[in-house]
Amino acid sequence: MKNTLVILIVLFITYGCKEKNDTEVVKKDLPRIAIAGLAIESSTFSPALTHEEAFHTRVGDDVFSCYPFLSPDSLNKKRAKWIPTIRGHALPGGIVTREAYESLVTKTLNMLKKNMPYDGLFFDIHGAMSVVGLDDPEGDFIIRIREVIGYETLISTSMDLHGNVSKRLAQNTDLITCYRLAPHEDALESKKRAVDNLLDRLESGKGKPKYKAWIPVPILLPGEMTSTRIEPGKSLYAKVAPATNQEGIIDAGIWIGYAWADEPRNHAVVMVTGDDKNKVINTAENIANSFWDVRSEFEFVAPTTTFTESIEKAIKSNKHPFIISDMGDNPTAGGAGDVTWTLTEILARSEFKSKNGPSLIYASIPGPDFVKEAIKIGVGGTIDAAAGAAIDNRFAPPIKLSGTIEAIEHGDKHAETEVVVKVGSVHVIVTKKRKPYHKEIDFTRLGLNPRKTDIVVVKIGYLVPELYNIRADWIMALTPGGVDQDLNRLGYKRINRPMYPLDKEMKKPNLDAQLIPLSSYISKD
Ligand SMILES: [Zn+2]
């Protein structure tokens, strides 16, 4: 509310008087702000590749549909002349092909060249993209944007807290922020903050922040250990918002980083921006030290064990639905999503062989050929075909599913076509393309009722809010895959060492704030 008032006053002072005389002048005075960005987290430990179409790019004015806070009648929309270019958002997956990356970057740069110059640029990224043969793609992308738009334009970057902030990304952006909640219930709020900060700095004439403090924190943890719903993540992230309320501080962020890519930039980072040198430095160092102090307290957000123990516990339990996270191949973290290992283990168990066994939903396994075959046979027919392991067959081969087709649905954005096949007492969801099952409606639209099912196995890590709310009990299974949660099994070669907790006994690192030069002074390397 206070912010809105300030904005209104600033708008009035800036434009209110002129408006009466010459509307054209007013329009020219509005800052010109471009929008660009690519978002994906991609695992270098998965054999999967991500291609251009996975980014479902929005181009030009379609980009606004990503941002309700830039809707036609929003205050923010009226505060600037917006020039959206390309915004792409892919489901997490395998490494992005070089062709896809170059194509998307080139298209963005070409669009940027058409409408120069810019006062600002809203750079909306995730920060954990991996590209074949290229380190730190987001750092590369922003440098190539700078080469086009120059170093005077104010860039405000919005990121996922599982993204990585390399030094060159920190140098080339002026403002930077990231989510403060995991699960990311504040995603839109964070993007809006990036835009609000950008507009405030442009309208006030303050421009680039005087200081940017960057502290690499040598900690690398899976997201499943760093939920902000529980301690110590909860208290750690609770320090961020009050820190930004200080006079002289613009924003602060804690990046957990992304554990499933093997690059030197993969580690936690704390960053603070502002105009008061001492406060910027002290705030960053305080947060970084708080993070280091609680490093040994991070634990998985739910009981975590082997798959065998998980399924045995679920079968014996009288709490239903009992949800099991099949974590190792979680497509929302970057797994290929077609590992059949867990489903193979389930269907091999005697409990599920008969129709009267414990009811279980398995969500999900991609199998385009299986889906084609199911469409030919139709609902009610019996099918005997294989699915899965087309991309990641390191742990189990394609799985034979013999059962009754209970549903076929078309039209989902990600899956395209979904088939439910009943094998013994198990409902298996087979999709044409991989899709995460996060919402109750993902199940109910297929005629499945997760609330009335004994066991629900989902390729997921920590539960998203809807599933969390319907669970009677929950366990996270340490299954194999491209996003194996047991980081010791991944075999890193290129991350910085020592790194906590891989090097448990490491000494306290240097957590002094590094002041990053303003973007206009940077060199390319
Ligand atoms: Zn995230």
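**View 1. Strand 19, covered on both faces.** On one side sit Val426, Val428 and Val430, on the other His427, Ile429 and Thr431, and all of them are buried (under 20% relative accessible area with a 1.4 Å probe, protein chains only; exposed is over 50%, partly exposed in between). With six of its six residues (426-431) buried, strand 19 is largely enclosed by the rest of the structure. Strands here are DSSP runs of E, at least two residues, and helices are runs of H or I, at least four, numbered from the N terminus. This is a predicted model: local features need pLDDT of at least 70, side-chain atom pairs count only at pLDDT 80 or more, and totals for chains, interfaces and linings use all residues. Residues are numbered from 1 along each chain as its sequence is written, and side-chain values use heavy atoms, leaving out hydrogens and water.

**View 2. The partners of strand 19.** Strand 15 (residues 360-366) runs parallel to strand 19 over six bridges (pairing takes at least two DSSP bridges), with proline 366 bridged to threonine 431. Strand 18 (residues 416-423) pairs with strand 19 in the antiparallel sense, also over six bridges, and lysine 422 stands opposite histidine 427. In the hairpin of strands 18 and 19, glycine 424 takes a positive phi near 60°.

View 3. Aspartate 160 is buried at 5% relative accessibility, while histidine 184 is partly exposed at 26%.
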